[in-house]
Amino acid sequence: MGRIEKIKRVLIEEANKRILGENVKEEPIKVTYTKPLKYTLLFNEGDGDKPIRAFNSVYSEWESPVNEKSTIYQIGRWLRDSLPTIFKFVDTEFEDQLEGIIKLSSQTSSSGGDSANANVGEERLEYVEGLVFKALDQIGVKDTAIKKLLTSYTESDYDATKLPSYMDNGKVDPEKMEQQATVEITPVTIKGLETDAITDIEHDIEAASGSWSTEEVDIVKAIKRLETYSDIEDLNKRFGNLEGRINGQITDGVTQYGSDTKERKDIRDHLNKIAHRSGKTDIAKISGDKLVIILDQ
């Protein structure tokens, strides 16, 4: 590359930074490469605040009697590393992606009356919510911040097992495994490429493109470095039309130069994967021999 070309590229990159900002948008992303922490607590029938057994999904083991202090410690440990990410995105456009990082649920058996079951179910929900409160309190989180977590980003659900209409709940014994409550913690992390990383992907796609010969596999590799929906939007801005750029280089799959059907599917799957990661629905699909990308969410 000559000196003039290098200067032009530097000027273009600086212009991009001014237009897009020095850093592109970061997002809070739920961690999927490790399973969440989930505690399942079993209760005696009619009881809502004295669990008799507990199952820790991380260690895959049952505990009896229940060591409440250990349970609170584990919940706090799993939440601690996510707290800076969580509160960085409070009251931002990405706040909805924090919903469900804490999930609480309770269940009652099909025996007994609806009112009694509802009261016990609510008591069990309050118990597991109390565990989360104590865990956050123990690691030093402000009460106002705890309330924000438990009201804005926590999903709560109560489910009473239903019998078939022909069964009499007064004649049915309670099922032990239905007498439970759960607390599930999903860690969150920050994803989103900086401007220079988007620029590198842009350049790699340009380098892999050609009028007569295209390195389709290299285009796929570049696209797969995108991490979030915002990254897709930023790359789309760079090309003016990412869909058109890809379709201009990925052949229709039935040409004399070979099929690019797999590459087209790989790009579609990755774009949808990272869109889902950002809390969006599918944004890419294949229509005939073209990739369609819809960025309106």
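## Getting started

A residue is called buried when its relative accessible area is under 20%, exposed when that area is over 50%, and partly exposed in between. Keep that scale in mind, because Lys148, at 26% relative accessibility, counts as partly exposed on it. One more thing before we go on: what you see here is a predicted model.

## The chain as a whole

Let's begin with the overall picture. The protein chain is built with 10 helices and 10 strands. It has 297 residues, and 42% of them count as buried.

How do the parts of the chain meet? Take the contacts in the protein chain with a separation of 6 or more: residues 24 or more positions apart account for 70% of them.

## Salt bridges across the chain

Side chains of opposite charge can pair when their charged atoms come close. In this structure there are 9 salt bridges. One of them joins the side chains of Glu26 and Lys88, at 2.7 Å from N to O. Glu26 sits in the loop between helix 1 (3–20) and strand 1 (27–30), while Lys88 belongs to helix 3 (residues 83–88), so this pair ties together parts that are 62 residues apart in sequence. Glu26 is partly exposed at 32% relative accessibility, and Lys88 is partly exposed too, at 43%.

Next, have a look at Lys148 and Glu95, whose side chains meet in a salt bridge at 3.7 Å, N to O. Here again distant parts of the chain are linked: Lys148 is in helix 5 (residues 143–152) and Glu95 is in the loop between helix 3 and strand 5 (102–108), 53 residues apart. Which residues make up the network of salt bridges that includes Lys148? The linked residues are Asp91, Glu95 and Lys148.

## Around helix 6

Two packed helices are described by the angle between their axes and the distance between the axes. For helix 6 and helix 8 the angle is about 55°, and the axes are 10 Å apart. The two helices are therefore oblique to each other, and their crossing is right-handed. Which residues do the meeting? On the helix 6 side they are Thr195, Ile198, Thr199, Ile201, Glu202, Ile205 and Glu206. Their partners in helix 8 are Asp231, Asp234, Leu235, Arg238 and Phe239.

## A stop at Lys35

You'll find Lys35 in the loop between strand 1 and strand 2 (37–42). Is Lys35 buried or partly exposed? Its relative accessible area is 46%, so Lys35 is partly exposed.

Leaving aside residues up to four places away in sequence, Lys35 touches Ser57, Val58, Ser60 and Trp78. Ile185 is 150 residues away from Lys35 along the chain, yet the C-alpha atoms of the two are separated by 9.4 Å.

Terms used:
Residues are numbered from 1 along each chain as its sequence is written. This is a predicted model: local features need pLDDT of at least 70, side-chain atom pairs count only at pLDDT 80 or more; totals for chains, interfaces and linings use all residues. Side-chain values use heavy atoms; hydrogens and water are left out. Helices (H or I, at least four residues) and strands (E, at least two) are DSSP runs, numbered from the N terminus. Buried means under 20% relative accessible area, exposed over 50%, partly exposed in between (1.4 Å probe, protein chains only). Contact means heavy atoms within 4.5 Å. A salt bridge is a side-chain nitrogen of Lys or Arg within 4 Å of a carboxyl oxygen of Asp or Glu. Axes are lines fitted to C-alpha atoms, for helices over the stretch in contact, and angles run from 0 to 180 degrees between N-to-C directions. Angles under 35 degrees count as roughly parallel, over 145 as roughly antiparallel, 65 to 115 as roughly perpendicular and the rest as oblique. A crossing is left-handed if the near helix is turned anticlockwise from the far one by less than a right angle, and right-handed if clockwise.
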